Amino acid sequence: GPSSSSAPTLSASGGVITDYAGNRAQGWRGAGAEALEEAIAEHLAAGRKGAAARIARDAGQYDRALEWFVELDLYHQAGACLRMIGRYDDALAMLLRQDIRGPNYRKACFELVGVAIELGKLDFDIDRFLSAFIEAGPADRDEIETYFGLARLYLANEFISGAKRCLRKILASDPAHAEAKVLDNELRRSARVSPEDAPRAE
């Protein structure tokens, strides 16, 4: 879409930070290290650590940005930086620290789903963290794929009820979603075969 200086919009890929950084980074990488350092120093001197961190992040200096985001308790941003440098387990732990009642909860969820899918990991902590996110359902069509990816992740980890919750929200948002319909029907059929839908105790 048209480029604007406003905040990045949430995308289905959960690649908010990534796509946005890609566009902005051209500017910073082209500006040269001196201009970059100057801008960062200026923000730090004015007590705007968050702005300095965002510039560092957009310029691909994830380690540096990470440190400042953590100091500011901006766990969704810190988690995104960790994800960018491939530290997925650390990213997961960081994102789970996000306040679920805070304004950045939903952004953290998109990052978290992306990381969890990359790790193929789902546990009760992640399930609990995502419960309000799933309850809210996709806000628009772009978000449906994130929910579908999450449904598949639940299924792969044998959290059948989690998969069903995601599929219900997808189909409420887009009743014609073919893959979700197929998966939903499969789960309904297998539920008739085995009635108990509780996670097995190890």
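Helix α5 (residues 88–95) and helix α6 (residues 105–119) approach each other with their axes within 9 Å and cross at roughly 145°. Axes here are lines fitted to C-alpha atoms, for helices over the stretch in contact, and angles run from 0 to 180 degrees between N-to-C directions. Helices are DSSP runs (H or I, at least four residues), numbered from the N terminus. The model is a predicted one, in which local features need pLDDT of at least 70 and side-chain atom pairs count only at pLDDT 80 or more, while totals for chains, interfaces and linings use all residues. Residues are numbered from 1 along each chain as its sequence is written, and side-chain values use heavy atoms, with hydrogens and water left out.

The α5 and α6 crossing is left-handed, a term for a near helix turned anticlockwise from the far one by less than a right angle. On the α5 side, Y88, D89, A91, L92 and L95 meet A108, E111, L112, V115, A116, E118 and L119 of α6, where contact means heavy atoms within 4.5 Å. This set divides into nine nonpolar, no polar and three charged residues; Ala, Val, Leu, Ile, Met, Phe, Trp, Tyr, Cys and Pro count as nonpolar, Asp, Glu, Lys and Arg as charged, and the others, Gly among them, as polar.

Helix α4 (residues 75–84) holds H76, which counts as buried at 5% relative accessibility (under 20% relative accessible area, 1.4 Å probe, protein chains only). Beyond its neighbours within four places in sequence, H76 touches L95, Q98, N104, K107, A108 and E111.

Turning to the aromatic rings, five pairs are found across the whole structure, a pair being rings of Phe, Tyr and Trp (its six-membered ring) with centres within 6.5 Å. Y105 and F129 have ring centres 5.3 Å apart and planes at 55°, so the pair is tilted (stacked is under 30 degrees, edge-to-face over 60, and tilted the rest). Because Y105 lies in α6 and F129 in helix α7 (residues 124–136), the pair ties together parts that are 24 residues apart in sequence. Y105 is buried at 9% relative accessibility, and F129 is buried at 7%.

The axes of α8 (residues 144–156) and α9 (residues 160–173) come within 7 Å and cross at roughly 160°, so the two helices are roughly antiparallel (angles over 145 degrees). Their crossing is left-handed.

Conventions: Angles under 35 degrees count as roughly parallel, over 145 as roughly antiparallel, 65 to 115 as roughly perpendicular and the rest as oblique. Buried means under 20% relative accessible area, exposed over 50%, partly exposed in between (1.4 Å probe, protein chains only).
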